[in-house]
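Here is a short report on one protein chain. Have the sequence and the model open while you read.

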Amino acid sequence: MSDDEKRLKIEAMYRDYKRNFAGVADIAPAEAMELLRAGRALFVDVREEKEQEVSMLPGAVTKQEFLKHPERYRDKVIIGYCTISYRSGVLAEKLKARGITMLNLEGGLLAWVHAGGKVYDRAGETRRIHVYGRKWNLGPNNYEAVW
C-alpha cells in the first residue's frame, strides 16, 4: 500500500471509531504540532508500556502519570493518543465526565508520523512505531512497524 492509501485508511478507521466517543473534541496532527512548538501541548500516551518502549510522541507522559496529578498540567492543552486514537478517545470521554478536557489526536500516532511528526525512544529519535497489531500496520513506508 502506498503512504497515501495508508493515510486514507487511517482516516476512515478513525471516523468509524469516532462513533464510540462522538462527544470528544479532536485535534489534527498539524495543529498539535503547532501547540507543541509553542510549548503549550502535553501528550498523554494511553498505550501499554510495551508499546511505549518502542516510541512515544515528544514529551509525552503515560496515562498513569497524568491521572495521578492531572492538576499539574492545567496550563497545557492536554492531547491524548494511542495507535489510532481509539483508546485515547474512550479515556477522553471518561475524563470529560470528571470535568477534565483532553483533546483526542485525530488518527493517533499513525496520523502523527504520516504528518511528519517525530517519535522517540529512550535513545532519541526513532523510525520504529508500535502499531498494536497487523490490522493497524499503516505507518509510513520509511518506518519499521512493531506489534
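## Ground rules

This is a predicted model: local features need pLDDT of at least 70, side-chain atom pairs count only at pLDDT 80 or more, and totals for chains, interfaces and linings use all residues. Residues are numbered from 1 along each chain as its sequence is written, and side-chain values use heavy atoms, with hydrogens and water left out.

## The whole chain

The chain has six helices and nine strands. These are DSSP runs, numbered from the N terminus: helices are H or I with at least four residues, strands are E with at least two. The C-alpha trace spans about 40 × 35 × 30 Å along its principal axes. For 147 residues, a compact globule would have a radius of gyration near 15 Å; the chain has 14 Å, which agrees. That radius is taken over C-alpha atoms, and the globule rule is 2.2 Å times the number of residues to the power 0.38.

Buried residues make up 50% of the 147 residues. Buried means under 20% relative accessible area, exposed over 50%, and partly exposed in between (1.4 Å probe, protein chains only). Among contacts with a separation of 6 or more, 65% are between residues 24 or more positions apart. A contact means heavy atoms within 4.5 Å.

## The core

A nonpolar core is a set of buried Ala, Val, Leu, Ile, Met, Phe, Trp, Tyr and Cys residues joined through side-chain atoms within 4.5 Å. The largest one here holds 45 residues, and F43, F66, I79 and W112 touch the most other members. Elements that give two or more residues to this core are α1 (3–17), α2 (29–37), β2 (41–45), β4 (77–81), α5 (87–97), β5 (103–105) and α6 (108–114). The biggest share comes from α6, with five residues.

What does F43 touch, leaving aside its neighbours within four places in sequence? F43 is in contact with A32, L36, L57, P58, A60, V61, I79, Y81 and W112.

The structure also holds seven aromatic pairs. Rings of Phe, Tyr and Trp (its six-membered ring) pair if their centres lie within 6.5 Å. One aromatic cluster is formed by Y14, Y17, F21 and Y86.

In α2, the buried residues are P29, A32, M33 and L35. They cover an arc of only 160° around the axis, which puts them on the same side of α2. The arc is that of the directions from the helix axis to the C-beta atoms. A30 and R37 are exposed on the other side of α2. The cover over the buried residues of α2 includes β1 (26–27), β2, β4, β5 and α6. Just after α2, G39 has a positive phi of about 75°.

In α5, S88, G89, L91, A92 and L95 are buried. Seen down the axis of α5, these residues fall within an arc of 160°, so they line one face of the helix. K94 and A97 are exposed on the other side of α5. The cover over the buried residues of α5 includes α4 (63–68), β4 and β5. G99 follows α5, and its phi is positive, near 85°.

The table lists relative accessible area for each.

| Residue | State | Relative accessible area |
|---|---|---|
| S85 | buried | 0% |
| S88 | buried | 0% |
| K118 | partly exposed | 41% |

S85 sits in the loop between β4 and α5. A polar atom of its side chain lies 2.5 Å from the backbone oxygen of L105. Not counting residues up to four places away in sequence, S85 touches Y14, F21, G80, N104, L105, G107 and G108.

S88 is in helix α5. Its side chain makes a polar contact with the side chain of S85, at 3.3 Å. A polar contact is a pair of N or O atoms within 3.5 Å; within protein, one must be able to donate a hydrogen and the other to accept it, and residues adjacent in sequence count only if both atoms are side-chain atoms. Beyond four places in sequence, S88 touches V46, G80, Y81, C82, M102 and N104.

K118 lies in the loop between α6 and β6 (119–121). K118 and S55 are 63 residues apart in sequence and 9.5 Å apart in space, C-alpha to C-alpha. Leaving aside neighbours within four places, K118 is in contact with L57, P58, W112 and E125.

Notes: Phe/Tyr/Trp six-rings, centres within 6.5 Å; stacked < 30°, edge-to-face > 60°.
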